[in-house]
Amino acid sequence: MARLDGMRANRRDVLAAGAGALSLLLTRPARATPESMAVAIRSFVGEATVQKGRVALDIPALVENGNSVPLKVTVESAMTSDDFVKTIAIFNERNPQPNVANFHLTPRSGRAEVSTRIRLGDSQTIVAIAQLSDGTFWSDQAELVVTLPACVES
Amino acid sequence: MRRPPLRAWACVAALVLGATTGLATEIPPAQRRSGFDDMSRESQAMQRDDTANPGMLGVLEGETLWNEKAGFAGRSCADCHGDARASMRGVAARYPAYSAEQGRPVDLEGRINLCRETRQNALPLPRESREMLALSAYVAHKSRGMAITAGEDPRLEPFRARGEVLYRQRQGQLNLSCAQCHDDNWGKQLAGAIIPQGHPTGYPLYRLEWQSLGSLPRRLRNCMVGVRAEPFAPGSPEVVDLELFLMSRARGLPIETPAVRP
Amino acid sequence: MGRALINVPAKAKRGEIIEIKALVSHPMETGYRTGPDGTLVPRDIIQRFVCTYNGEEVFSADLFPAIAANPFIAFTTVATESGTITFRWIDDQGRGQIETAKITVE
């Protein structure tokens, strides 16, 4: 990248800056894909295997408006200090970014249960992964169709 | 997010135009219902829960504004009206109301601005501003659960009738009237959503599409742009007459402010 | 940030699992929208939510632009003792907002 901090920019710096600016104009904000969601999940779970089960992702299959979609995740867990859910991470495959939220629970949580409202830019798959205190990972996923209400803001 | 293509709208228009030959039929009183019933269970739950309803954030903000001194007179709403829970009870249910000062009906926002200008010596709040929406949400919330009684004052009849003309007239490039969707085809699907009867029971409301509170004129703007008509300006005589008609048509249904809608 | 609505039961029995709901006013500007002039509206979101119970952290969340405007979070915690439950929201710029609720545990 060109340095613009008081040092005299040489010709190569200026050309590089120009090319950089042009590429910014040509690219649009990146969109998540099933591959980038897989990468994001990999960076959360590392080398561990993610098993299906114990997690229940509750989200309407037909979404009225993608701006605000209620989501609830529950994980079967005793939530004691020896055996509890440490983190629940939510991922998506078609929003600009693959992460949605990470919820950090503690043995004081009582139940592994979290609700929130999320944004969905398109019909897609949502994945919820729970990291347990014993180092295992469990997951659930849901496929959603996002519609649009009639008569929207122009 | 994708918008329904113009082609889809044209298909709808063709179907509706083909289907209706006579005057649009009014909804029988027994069949009237709020748009609340047409929403998903999740959206209904969001409206019902005061801690989950984002419109309640506006009501909270309105409470602060109600108690804040304003204008050169240095007076707050509370200074004249006291506790809103008592003084504003039932007010929104009978709006738009006749204003002797103006010689015509005003909507709630118009009434708030009249107070600001004539009693508080303050500048009017811009319509659709955060403050105006918060204050009108706060006032209308005090009528929540109460039956709408708008339009009973005989002086309002000529204006209500003008509003009814606007409701029934075809407009825009798609040449559709409000009545064709909301009287004749309520309950059917349009672009993935159920067509409601169009009763303004919960304004200002939190529309998920807006991600914020908004007024009835804003919602009507969305409809009118949808049929490719020039929308009415908020506070204009046309939109107040139309609101008066819609509220009269909704008489008996309870106020829901702050409602949630998709 | 603005208004917040918190729902914490005023009273609970010791050991009871209580549900807490928190709603805060914030546009959660994603950074992917274009404004009326065609340029991208810069990102401005709440990225962290922390709940402490008499000073000890019992729940927290990392939020991303996919969280809806006016973020709403509901979670549970065990009513262990009387005291104060504190809620903190922190945005991209590190600005924070704090709300508290008192609970009586018998």
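**Helix 7 of chain B and its surroundings**

Colleague: Which elements do the buried residues of helix 7 of chain B pack against?

Modeller: They pack against helix 3 (55-66), helix 5 (84-87), helix 6 (108-118) and strand 6, which belong to chain B as well. Helices (H or I, at least four residues) and strands (E, at least two) are DSSP runs numbered from the N terminus. A residue is buried if 20 or more other C-beta atoms lie within 10 Å of its own, exposed if 12 or fewer, and partly exposed in between, with C-beta atoms placed from the backbone.

Colleague: And what am I looking at here, and how is it numbered?

Modeller: This is a predicted model, in which local features need pLDDT of at least 70 and side-chain atom pairs count only at pLDDT 80 or more, while totals for chains, interfaces and linings use all residues. Residues are numbered from 1 along each chain as its sequence is written, and chains are lettered from A and ligands numbered from 1 in the order in which they are written.

Colleague: Back to helix 7 of chain B: why is it described as largely enclosed?

Modeller: Because 10 of its 12 residues are buried, helix 7 of chain B is largely enclosed by the rest of the structure. Among those buried residues are B:Met132, B:Leu135, B:Tyr138 and B:His141.

Colleague: What span should its 12 residues have?

Modeller: The expected span is 1.5 Å times one less than the number of residues. For helix 7 of chain B that comes to 16 Å, and the end C-alpha atoms are 16 Å apart, which agrees.

Colleague: Which residues touch the most other members of the largest nonpolar core?

Modeller: That core, a set of buried Ala, Val, Leu, Ile, Met, Phe, Trp, Tyr and Cys residues joined through C-beta atoms within 7 Å, has 115 residues, and A:Ile88, A:Val100, A:Ala101, A:Ile118, A:Ala130, C:Leu63 and C:Ile67 touch the most other members. Its largest share, eight residues, comes from helix 7 (residues 130-141) of chain B.

Colleague: What is A:Val100 in contact with?

Modeller: Two residues are in contact if their C-beta atoms, placed from the backbone, lie within 7 Å. Leaving aside neighbours within four places in sequence, A:Val100 is in contact with A:Ile90, A:Phe91, A:Asn92 and A:Ile118, and also with C:Phe64, C:Ala66 and C:Ile67.

Colleague: How many residues does the contact take from chain C and from chain B?

Modeller: It takes nine residues from chain C and eight residues from chain B. On the side of chain C, strand 1 (4-7) and strand 3 (17-24) are the elements that give two or more residues.
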